[in-house]
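Here is a short briefing for a reader new to this structure.

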Amino acid sequence: MSDIEEIEVRGGQGQVLDPETYRDSIGTMYQSGKRKWVYPRKPKGKYTNYRNIVSYILLIIYFAVPFIKINGNPLILFNVIDREFFIFGQPFYPQDFFILTLGAIVSLISIIIFTIAFGRIFCGWICPQTIFMESIFRKIEYLIEGDRNRQMKLDRQEWNTEKIWKRSLKWTVFMIISLIITHFMFMYIVGYKEVFTIISEGPFTHPTNFIVMILLTAAFYFVFAWFREQVCTLVCPYGRLQGVLIDKDTVNVFYDFNRGENRSKWRKGEDRKAAGKGDCIDCHQCVVVCPTGIDIRDGQQLECINCTACIDACDEVMEKVGLPKGLIRYATENEIENQTPFKFTGRMKGFAIVLALLTGLLGYLLTSRGEMEAKFIKPAGSTFFVRDGKITNTYNYTFLNKTNDKKIVTIKVIEPVHGEIIYSASSKIPVERDKITKGTINISFPENDMKLSKQNITIGVYDMEGKLVDSYKTYFEGPFKLQF
């Protein structure tokens, strides 16, 4: 690494822009509205190694999860079309949507609490946009076109054989990677077997799926080949949410201006403290490694995704010039300004309590969710009939088995107690796992027991061990009677 690496700012089409224009730039855009193309230098260091490990683990999880099954069910599946949902192998149905909604609320509050305490660490370490961009597409770009300076040189040169070959190769690989990512994303929706079936049968057999696949692949390619960091700086709502949530006690990547200012170039053997100079040698290494093109020394900015590339770059420079590391580090604003250590604020405690309560409620709903859901509905237009001193009503039943085991159930009237069940088939009704079973029964009561023309009744569904697995309240119709 050179002592000072020049910062060359270029537009989206490769033109070299005037330095005055660069000073008028904001984030990845110029005040004129033109795109400021970012060429980040390949980062290296302790935090980069940690982030690589996290990225590889998450990528393995992403590509492996569609093939993992629990009790024969997919680990994760969100089949909106067929209304099939599996989370950790447990089936969920439209009837359980309130549980999923509560889970989404708990997740949102978790993100809010995490952001209040630790800023945008999610963006730099876990966000799929960052993982795919920095751990796949950017590494391919480094491999084909080289590091920062080589990329800028390639962008400036004419369209000769080298440039055509490298750009064509990069764009082709990007398209293939986008196609692979899209196929795996489809596996989370329809399952891997269905995706393999669609591939084997070809686009003409499944034209709709093929068109959707192409459109999503094009979207992935557009994002990672051209739009890139602008997803974080212009589109993602989480970046804007950060501005509302963070305060002076939030941990973020900060530049220690008390220690770093006044900035000055490095001179060997100079007593910088005596000369009134800070530890920042103005080498711009923290700028050239930033994937969103900002200068962390300008203070906390919405474009910062807490990726720690600037920390590694600065620590490397500090080590080479013999100054203490940590000029750029994870810290709170109060720690930088007032040397106040991090503390768990009252706002964080309040959110944590709400989160704990919601998590407990979510856990209760998940564990107390019934094994089966039963419904007994009177057919439209049906009424009662009287025979042999008994009043009879007809009901269509629907059983949904939410477990991973086949169930055999029977039906009993819980209240009133004198109800008699007449089955259209066997009294032992098999209900396959994760399946809906439908049928019809008649329920009769002695005519003398029915005091009202419409009376509430409760029907129970029991397993073969006599355990009540679900109950359903409905009504029973009879002849109208005058009450005196």
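**Sheets, a helix pair and salt bridges**

Ile87 has Gln90 as its bridge partner in β9. The model is predicted, so local features need pLDDT of at least 70 and side-chain atom pairs count only at pLDDT 80 or more, while totals for chains, interfaces and linings use all residues. Residues are numbered from 1 along each chain as its sequence is written, and side-chain values use heavy atoms, with hydrogens and water left out. Helices (H or I, at least four residues) and strands (E, at least two) are DSSP runs numbered from the N terminus.

**Three-stranded sheet**

- The strands of this open sheet follow the order β7-β8-β9, with antiparallel pairing; two strands pair if DSSP finds at least two bridges between them.
- β7 (76–79) and β9 (90–92) are at the edges with a single partner strand each, so one side of each has no neighbour in the sheet.
- Neighbouring strands here are turned by 30° against each other on average, direction ignored.
- Strand β8 (residues 84–87) runs antiparallel to β9 and is joined to β9 by three bridges.

**Four-stranded sheet**

- Four strands make up an open sheet in the order β17-β15-β19-β20, and the pairing is antiparallel.
- The edge strands, β17 (429–431) and β20 (468–477), each pair on one side only.
- In this sheet, neighbouring strands are turned by 35° against each other on average, direction ignored.
- Six bridges link strand β15 (residues 407–415) with strand β19 (residues 454–463) in the antiparallel sense.
- Lys412 has Gly460 as its bridge partner in β19.

**Helices α3 and α11**

- The axes of helix α3 (residues 97–118) and helix α11 (residues 237–245) come within 10 Å and cross at roughly 60°; axes are lines fitted to C-alpha atoms, for helices over the stretch in contact, and angles run from 0 to 180 degrees between N-to-C directions.
- α3 and α11 are therefore oblique to each other (under 35 degrees counts as roughly parallel, over 145 as roughly antiparallel, 65 to 115 as roughly perpendicular and the rest as oblique).
- Ile111, Ile112, Thr115 and Ile116 of α3 make the contact with Tyr238, Gln242 and Leu245 of α11 (heavy atoms within 4.5 Å).

**Salt bridges**

- The count comes to 23 salt bridges, each a side-chain nitrogen of Lys or Arg within 4 Å of a carboxyl oxygen of Asp or Glu.
- Glu141 and Arg228 meet through their side chains in a salt bridge (2.7 Å, N to O).
- Glu141 lies in helix α5 (residues 128–145) and Arg228 in the loop between α9 (207–227) and α10 (230–235), so the pair ties together parts 87 residues apart in sequence.
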